[in-house]
Number of protein chains: 2
Amino acid sequence: MVTISDVAKRAGVSRSTVSYVFSGRRAISPEVRARVADAARELGYTANAGARALRTSQTRVIGLLAQFLDDEFAPAMLQYIQGVTDTARKLGYDVLLVTDPDGPAALRRVTDSRMVDGVVLLNVAEDDPRIPLLRNAEQPGALVGLPRDGAGVDVFDLDFPEAGRLMVEQMVEAGHEEMLLISQPHDVVERGGAYVWRLRDGCMQRAEQLGVRVHHSFAPSRAPEIGECLHDLLDEHPGVTGLLLNNEAAATALPGVLHQRGLSAPDDLSVIGRYSEEFARVFSLPFSSVESAPDFLGRLAVQHLVHRIEGQRPHDSAYIARLVAPVFRDRGSVGPAKRI
Amino acid sequence: MVTISDVAKRAGVSRSTVSYVFSGRRAISPEVRARVADAARELGYTANAGARALRTSQTRVIGLLAQFLDDEFAPAMLQYIQGVTDTARKLGYDVLLVTDPDGPAALRRVTDSRMVDGVVLLNVAEDDPRIPLLRNAEQPGALVGLPRDGAGVDVFDLDFPEAGRLMVEQMVEAGHEEMLLISQPHDVVERGGAYVWRLRDGCMQRAEQLGVRVHHSFAPSRAPEIGECLHDLLDEHPGVTGLLLNNEAAATALPGVLHQRGLSAPDDLSVIGRYSEEFARVFSLPFSSVESAPDFLGRLAVQHLVHRIEGQRPHDSAYIARLVAPVFRDRGSVGPAKRI
DNA sequence: CTGAAAGCGCTTACAG
DNA sequence: CTGAAAGCGCTTACAG
């Protein structure tokens with residue numbers, strides 16, 4: 001292994017000079033600079049990350065705590081992860097991906113041991129047990145997902161109530177008066193997945209204001225159960241003319257279900273989902289949707305986290321809670337209301 | 001920040017004793033052990049990862065080099081990543097997820113700086129430029145994917161030629177004589193994605209032996225292009241009674257295409273895909289398939305890597321190249337041959 | 001413009 | 001059974 005001493009010896013300078021050549025924190029004569037650069041290149045020198053971390057208390061690594069839960073849809077999670085890793089790399093950080101089912105233990109491990117300079121939390125629950133730990137950690141934290149108490153961390157999430165309102169408005173504008181909202185499984189709510197009822201409440205509130213009816217149901221997030229459930233729900237609600245989906249698995253299963261029933265959107269039924277453009281593309285989903293912006297949220301979280309890490313924003317300056325406005329993406333699946 | 005010195009002071013022992021209590025590498029009297037444990041707990045001590053790495057030359061981190069390429073299907077990649085992270089954690093390792101588009105630079109960065117104890121490479125190309133670098137690195141490496149020259153690293157992959165043969169055999173057994181194999185886009189082959197032609201050659205060879213005909217076509221890996229392409233291919237090959245899919249996007253788009261044409265499997269057309277059980281579940285794919293075993297391959301790679309890291313297998317002892325036998329998963333989409 | 005030295009927080013051979 | 005000391009490879013205040 002080649003160390004800074006090897007480079008110094010070969011270039012005929014001190015170790016500190018080598019260090020300064022790389023950091024640029026000191027004026028170095030052109031000749032010395034060149035000698036050092038040559039020596040480093042010839043020997044293939046790269047600074048030892050552990051030594052540098054020990055000395056500077058900086059690892060240039062961000063911890064990403066993500067879980068692939070049974071009741072959530074893994075491909076949807078992936079997009080947040082991509083947003084985080086891509087942005088981190090652009091800002092010069094690597095990502096430690098921690099998927100340990102015991103989130104609090106994993107968080108403590110990576111922060112206490114100082115493996116990371118900051119942490120991004122995904123799958124945030126309303127009373128997420130990781131948040132108090134993160135608040136007490138010396139590293140800053142950013143969440144994707146809105147908890148009850150986001151003090152001490154920066155929070156980024158989709159404005160789910162607004163997403164719910166938007167869905168209803170789009171349907172009502174097209175003349176619908178009876179809709180069905182299909183949410184994630186109730187397990188997600190029990191686990192503290194607040195986005196489920198936040199979107200639902202937005203729907204219900206707007207529906208009341210506009211004098212229309214929205215039924216609500218939790219539904220499985222796995223195939224094939226979700227398909228059967230969709231059939232049952234359609235049977236139970238013959239008056240429904242519009243479907244609102246806050247459940248990615250339901251969105252992916254719906255084309256097959258409609259086919260089996262000989263229905264199509266928007267001719268027989270209008271549909272609006274809540275998922276990202278990329279998700280729609282990957283799953284060839286033909287439904288209009290409210291954009292969930294996972295890549296954007298991941299990017300925001302990392303950008304603000306790096307700001308705090310690098311001290312542009314002091315550790316205790318005002319914390320952000322930013323709700324991203326949902327955007328409606330029209331794919332033509334909302335038409336006039338028709339009883340099936 | 002609480003260090004080993006703080007614990008030593010509080011427990012009234014030397015720093016070395018504290019260290020030995022944690023490592024268990026030395027007999028410690030029960031009283032001292034208890035005092036140290038109490039002090040550590042009270043102060044919330046965790047060893048500094050950078051200091052430990054510097055001293056021991058071990059980080060307990062595995063580098064995972066993965067790319068989300070446009071011409072491959074991201075949700076399929078995810079399963080390899082899950083296999084790797086889950087297994088790593090079970091064996092006591094964290095995972096540094098590196099998705100940098102410049103693979104060689106990223107690999108050099110994480111190995112030369114000693115951020116990781118070993119590396120797993122995904123998206124392995126036939127002449128992957130990362131492999132010579134990995135061979136020269138001091139850390140061991142494991143690949144998921146078969147390169148032309150796997151010397152110096154452990155290699156794990158599905159036995160793709162056998163997968164191709166198996167697909168043909170299953171079809172022929174059901175009476176099919178004219179099939180169409182739909183592969184990943186040609187870009188993947190150009191990039192060195194050897195599995196594409198390995199599976200194809202297996203198909204073709206077995207087809208010749210059995211005296212049947214297999215057409216072949218590259219197809220896009222993105223929606224909606226893949227859907228149109230499937231329509232065109234079915235138009236072009238009216239004599240085909242069996243479809244073989246080595247293209248995940250094609251598998252996910254096919255149900256919609258069949259529906260649009262008023263066809264169903266296996267009544268009108270028999271279908272066999274190449275994807276994992278989990279993938280079939282997530283995308284509700286009704287087609288029989290040859291299992292691609294991403295979780296198993298990820299697990300194997302990590303297990304062998306950790307073996308090398310921990311010295312159970314010396315760095316230069318015989319390298320493994322293990323091809324996992326494909327398994328046929330019958331979902332009932334192969335029936336008697338019928339001209340459409 | 002450059003160097004010698006201290007010290008970050010650990011682990012482990014050496015000594016008792 | 002326990003401690004004092006060396007040293008891993010860096011960076012940076014101190015000194016010139």
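Reader: Which of the 29 residues around DNA strand D come nearest?
Author: Happy to start there, with the ground rules: this is a predicted model, where local features need pLDDT of at least 70, side-chain atom pairs count only at pLDDT 80 or more, and totals for chains, interfaces and linings use all residues. Residues are numbered from 1 along each chain as its sequence is written, chains are lettered from A and ligands numbered from 1 in the order written, and side-chain values use heavy atoms, without hydrogens and water. A residue is near the strand if one of its heavy atoms lies within 4 Å of it. The nearest are A:R55, B:T17, B:R26, B:S29 and B:V32.

Reader: Which side chain has an N or O atom 3.0 Å from a base nitrogen of DNA strand D?
Author: Polar contacts here are pairs of N or O atoms within 3.5 Å. A backbone N or O atom of A:A51 lies 3.4 Å from a base nitrogen of DNA strand D, while one of B:S14 lies 3.1 Å from a phosphate oxygen. The side chain at 3.0 Å from a base nitrogen is that of B:S16.

Reader: Which element gives the most to the surface near DNA strand D?
Author: Helices are DSSP runs (H or I, at least four residues), numbered from the N terminus. Those giving two or more residues are α2 (15-23) and α4 (49-56) in chain A, and α2 (15-23) and α4 (49-56) in chain B. With five residues, the top contributor is α4(A).

Note on methods:
Polar contact = N/O pair within 3.5 Å; in protein donor to acceptor, adjacent residues only side chain to side chain.
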